[in-house]
Amino acid sequence: MRGWLLIAGLLFSTLLQAAPGVDAFSITTDGEGAQTYTLTIQILFFMTALALLPGALMMMTSFARIIIVLAILRQALGTQNTPSNQILIGLALFLTLFIMMPVFTEVNQVALQPYLVEELDTVQALQAASEPVKAFMLAQTREDDLALFARIGDFGEFEEPDDVPFTLLLPAFATSELKTGFQIGFLLFIPFLIIDIVVASILMSMGMMMLSPMIISLPFKIMLFVLIDGWALVFGTLASSFLV
């Protein structure tokens with residue numbers, strides 16, 4: 001989170017430096033004494049950047065993959081709204097912070113601290129802060145997804161991974177994260193699906209067709225998930241899936 005706040009702050013500083021001597025807020029008085037209040041374009045850009053910050057947090061970090069897997073897991077368990085959406089989002093946020101901490105630490109070392117001691121100007125610090133984030137995203141992006149969007153956007157071929165622009169990397173990374181999240185979710189779904197099929201078959205053979213199999217299979221799925229320490233396995237799998 002600190003890394004994204006740094007990037008937003010550096011972007012705001014860049015916008016302010018783009019027009020030196022221009023007040024962010026001004027008051028104009030006409031001949032009749034009426035006053036008009038005006039905000040400059042820098043404030044508009046800053047508010048837009050803040051509005052885009054949650055989207056950047058979701059689509060440029062590990063958050064998307066984690067929340068997809070947790071949502072599919074809840075669906076596989078058949079527990080309806082347990083855990084609730086707020087709990088799932090909280091789990092995804094804290095696990096994202098844990099996974100992204102090395103990236104944020106590098107951003108702090110190569111961009112934030114040099115910027116605070118005035119070793120780097122705003123543009124240089126922003127560029128330095130983007131490099132660790134870009135490296136993380138490249139490591140998690142499939143080559144076929146990069147090739148797909150490069151072909152659609154007519155970007156041509158790149159000699160080095162660092163030559164890939166953010167405008168191409170962002171959609172490719174998001175697509176790769178969706179694929180990986182659904183793949184992990186599919187593997188999680190299979191054991192619980194087998195339990196549902198077995199319970200449904202037993203109920204059908206006993207002639208209990210009016211009884212919903214979900215009512216009988218839910219305790220068995222919860223018991224299986226608890227006995228195998230499912231939460232630790234899921235979180236460990238998600239965290240290890242980002243190791244390069």
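F192, F225, W231 and F235 come together as one aromatic cluster. Keep in mind that this is a predicted model, where local features need pLDDT of at least 70, side-chain atom pairs count only at pLDDT 80 or more, and totals for chains, interfaces and linings use all residues. Side-chain values use heavy atoms, with hydrogens and water left out, and residues are numbered from 1 along each chain as its sequence is written.

A search of the whole structure turns up five aromatic pairs. Rings of Phe, Tyr and Trp (its six-membered ring) pair if their centres lie within 6.5 Å; planes under 30 degrees apart are stacked, over 60 edge-to-face, and the rest tilted. Two of the pairs look like this:

| Pair | Centre to centre | Angle between planes | Type |
|---|---|---|---|
| F192 and F225 | 6.2 Å | 50° | tilted |
| F225 and W231 | 5.2 Å | 85° | edge-to-face |

How about burial? F192 is buried at 5% relative accessible area, and F225 is buried too, at 7%. W231 is partly exposed, at 33%. Buried means under 20%, exposed over 50%, and partly exposed in between (1.4 Å probe, protein chains only).

There's also a charge over a ring: the charged end of R65 sits over F242, 3.9 Å from the ring centre. That label needs NZ of Lys or CZ of Arg within 6 Å of the ring centre and within 35 degrees of the ring normal.
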